[in-house]
Each structure stands twice: as C-alpha cells, then as structure tokens.
Amino acid sequence: MAMQVPLWHHYLQAIRSRGAARVQEYQRAEDVLLTVLEHLHTLDPRFLVDYSRDLEAFQFALRSSDGPLDMEVPLSVEAAALLVEEPEVAQTGDGPKSCRLGVPRGGAGLEAWVTDDVFTASSEDSAECLGYIVPSKVLQVLKDRLVAAIVHCKHHGLITPGSLNANSLREEKLGLSLLVSSGWRTIRFTVVPVVRRKHRAPALEGAQLTLGFPEGSLKRIMGQGVALVPSNAQLWRVSSDDLLTRLVNVLGSLQGHRLDSLSILDRVNHESWCDGGRSPGLHFSHLKMVLLWAAVLFPAPEDWAELQGAVYRLLVVLLCCLATSKLPHFLHPEQNLLQDTSLDLRALYQRVELFASQPEAALRIHVTHLGRSPPPRLSSGVRALLQLPASDPSYWATAYFDVLLDKFQVFHIQDKDRISAMQSIFRKTKTLGGEDR
C-alpha cells in the first residue's frame, strides 16, 4: 500500500499546479462582469454590487470541471423591514420552504420597491401588507438593465472586445445565465438577485450536524444571515448553495485532506467518469454534498490525515448513494439529489466502483507513472452491502461506512470502540459476502 501513496500526491500536485491559473482566469472574467454590474447600479440603484467574492474564487480553484457560477446581485432593500410570509397552501415537493416578501403599509425607506416594475399589490384587504416584491418582475428588470449596461460598457470600451456578449444572456428559473470570456477560458455565470437578511435555517440548527465541523462554526455561519433567492415566479427561498459553500469553506480550516479529496474526485469525475466532459455525469455540487456527509460520518481527525484514506471516505459515501439511487441533500435530507435526473446511475456506479477497486489507471498522468497495477482491492462486488441503508436507514452511520472502508482495505483506525462497532456491523452483514456487482 505504501508504494501507491505517491501516485495520489502526484495527482493532487497536478491539480494544484493549475489552481493559481484557474483563479486568475476566474478573476479576469469576474472583473468584466463586475464592471458591467457597476454601471447597472448607476442605471438602477436598487441593484447593488457585491465585491465580497472570496468564496466563489475559493470554490472555483477546487474544481477541474466547468459549470455555471453564481454572481449574486443584492437588492438595496431594508430586509428586516419586509414581511416574510409562507403560503397558506401546503407546499409539495422536497427542499427548502418558499416564502413571499411583503412590503408593510407605511414601511419607511421602501418606496423604490412599490413600483409596478417589481411589485404587485396585495389582492387581500390586509391591515399590515401592502403587497409583494415579485421575483419574476425583479428578474425582468435586472435583465433589461444588464443588457443596457453591457451595451454601454462595450460602446465606451470599459470591457475588452469579445469578453462578453449580450446575445448569450438567457433567462433561467432562478437567474440570468451569461457567458464571460477571461481570455483563455469562457465561464458561464448565473446572475441571481438576492435579499440578504437574518433568517432561520433549521437544517443548520440540528445538533447532529455539528459533528465534523469546528466548534462554533455553524453558529457563526448563521450569524452572517442568509440569501433569499427566487424559488419561482412569485416566491423566494433560502439559498442552500450559499450555505453549503460556506460549510465547505469551514472544512478547509481543519487539518487534513478533506478539500483535497474533493478536488481529486472532481478531477477523476470530469476526466474519467464523464470522459473529459463529453458524457453526462455527476456535478461538482453532488461531490460537494458527498464531502459534507463524509465530514459528519467521519468526524475524527485521523480519518483525514492521509490522502488516500481521505478520498475513500468520500468514495464509500458516493458508492452507497449511487447503489441506492439516493443522495440526500445535506440541509434537507428529505430531498434526493439523484431523483429525476437523466443520469444512468447503474453505469455510473460501475465506473465509480471500478475506480475504487483499482484507482491507479485513472491517477496516472505521466509516462513515469506507467507500470503494473496492483490487484483489485475487491475480490467481489459490494453492491448488495451498499444497498442496506435503503431498507434500514440506521445503517447510515459511521460503523457501517467503516465496514465499507475495510472492504477497500483502507480502514486503519486504532480507536478500540470504533473497531468494535465496525466488527459488530460486519458480523451483522457478513451473510452478504458473496454479493455480485
């Protein structure tokens, strides 16, 4: 096993060697868009420019894959003065609850938000609520101002020719999609209007999620407030993406290879499982969710001390999710992120299991890495074992995943209580030892 470790580090070094260039490409594209947004603000002061973009640059540097990046445009509104109303009709579906943002009668400083272009008067005779700020109207105004700002910036030479084209602007469900060139790379941004306010996020308040995160970190994240983003034409919701990115950033403050393992799997996913981006596959958001679950399931520092072992912490969680066709949202576990996707989960599972059993082929990036691969880590498939949490959710626990680590020969934990718990689960499941892939 010791001879295999350097290969993981070579692979990580190759990813890191590109990190600085990727950040520079991101910042060049970001500067173009910020220039446009600055002029948009002069056209319509209701839309602000957010210069605190460190989290987005941090996340982009972790990735090898391409994908849309959010550019939040805060609304210049006194959010604490707004009325937050949840619809009386029960909401269907999983995920965060939606709400309406109401303007109170006599609300001071809210005059700009009761104009017809962003506001709809209440159809009810309410003593408190004058009407609502409507996401679809806000998006339309933002789109019109964005086009005007792009035209202005191009006409006055404020942005490099060819760096941005208004024709690439597309209106999507939650924001405006726009292609921005950084020179060597074209990056797609999703421009999203947001209302920042203090707001409860019950999913972050659960005691079970404090495991694996620095003490007090979740409380600090909650203290920073949340971003409310469009949920549909009429409703807003708390942005899960914003909270998840902050959680991943917090994990980076801990010793160990948590973020390194995410970077490695994102690169393998892009290059190997998705054939260099030519085939559909997992998104970075899926892998980010897997990391957050792994951080909770494996809270001990020793789980993340060694690079290869850290990657396998994510792999066993990912394999279990693919085998059961269920990846729970970290903040809203009732929401399955693998539901209603066009992915061939069976084929994807087989690729991931093959990598987990014999990763060397995917990790070789240089001719000096060629050579005979070690034998597969698995003598037989583990799919039946991986499907246990689907029938019994109590298996979604550290001891069960320790059994999976042991199957892949990467369980090197010395804690006696944890070894005992793992062995207990192993005895309970040993009748599944002959399962097929």
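How many of the 10 residues of H13 are buried?

Author: Seven of the 10 residues of H13 are buried, and the helix is mostly covered. Two notes on the basis come first. This is a predicted model, in which local features need pLDDT of at least 70 and side-chain atom pairs count only at pLDDT 80 or more, while totals for chains, interfaces and linings use all residues. Residues are numbered from 1 along each chain as its sequence is written, and side-chain values use heavy atoms, with hydrogens and water left out.

Now the terms. Helices are DSSP runs of H or I with at least four residues, strands are runs of E with at least two, and both are numbered from the N terminus. Buried means under 20% relative accessible area, exposed means over 50%, and partly exposed lies in between (1.4 Å probe, protein chains only). Contact means heavy atoms within 4.5 Å.

H13 covers 398-407. Its buried residues are Ala399, Tyr400, Phe401, Asp402, Val403, Leu404 and Leu405. They pack against five helices: H7, H8, H11 (383-386), H12 (388-391) and H14.

What follows H13? Gln409 does, with a positive phi. The value is about 65°, although Gln409 is not a glycine. Gln409 sits in the loop that leads from H13 to H14 (416-429). Its relative accessible area is 39%, so Gln409 counts as partly exposed.

Next, two of the packing partners. H7 runs over residues 284-297. H7 is mostly covered as well, with 13 of its 14 residues buried. Its length can be checked. The expected span of a helix is 1.5 Å times one less than its number of residues. For the 14 residues of H7 that gives 20 Å, and the end C-alpha atoms are 20 Å apart, so the two agree.

H8 spans residues 307-324. Val317 ties several of these pieces together. Beyond its neighbours within four places in sequence, Val317 is in contact with Val290, Trp293, Ala294, Leu297, Phe298, Trp396 and Phe401. Phe401 is one of the buried residues of H13.

That leads to the core. A nonpolar core is a set of buried Ala, Val, Leu, Ile, Met, Phe, Trp, Tyr and Cys residues joined through side-chain atoms within 4.5 Å. In soluble globular proteins, nonpolar side chains tend to be buried together. Here the largest such core holds 129 residues, and Leu146, Trp273, Val317, Phe330 and Tyr400 touch the most other members. H8 gives the most to this core, with 14 residues. Tyr400 belongs to the buried set of H13.

H8 also packs on H6 (residues 258-273). Two packed helices are described by the angle between their axes and the distance between the axes. For H6 and H8 the angle is about 60° and the axes are 9 Å apart. Axes are lines fitted to C-alpha atoms, for helices over the stretch in contact, and angles run from 0 to 180 degrees between N-to-C directions. The crossing is right-handed, meaning that the near helix is turned clockwise from the far one by less than a right angle. H6 contributes Asp260, Ser261, Leu262, Ile264, Leu265 and Trp273 to the contact. H8 contributes Leu307, Ala310, Val311, Leu314, Leu315 and Leu318.

Ser263 also lies in H6. With a relative accessibility of 6%, Ser263 counts as buried. Not counting residues up to four places away in sequence, Ser263 touches Ile15 and Leu62.

Ser325 has a phi near 55° and is not a glycine. Ser325 lies in the loop between H8 and H9 (345-357). At a relative accessible area of 34%, Ser325 is partly exposed.

Disulfides are quickly settled. A disulfide is a pair of cysteine sulfur atoms within 2.5 Å, and a search of the whole structure finds zero. Cys320 is in none; the nearest cysteine sulfur, that of Cys321, is 5.7 Å away. Cys320 is buried, because its relative accessible area is 0%.

Last, the wider setting. The protein has 14 helices and 10 strands. Of its 437 residues, 52% count as buried. Among contacts with a separation of 6 or more, 68% join residues 24 or more positions apart.
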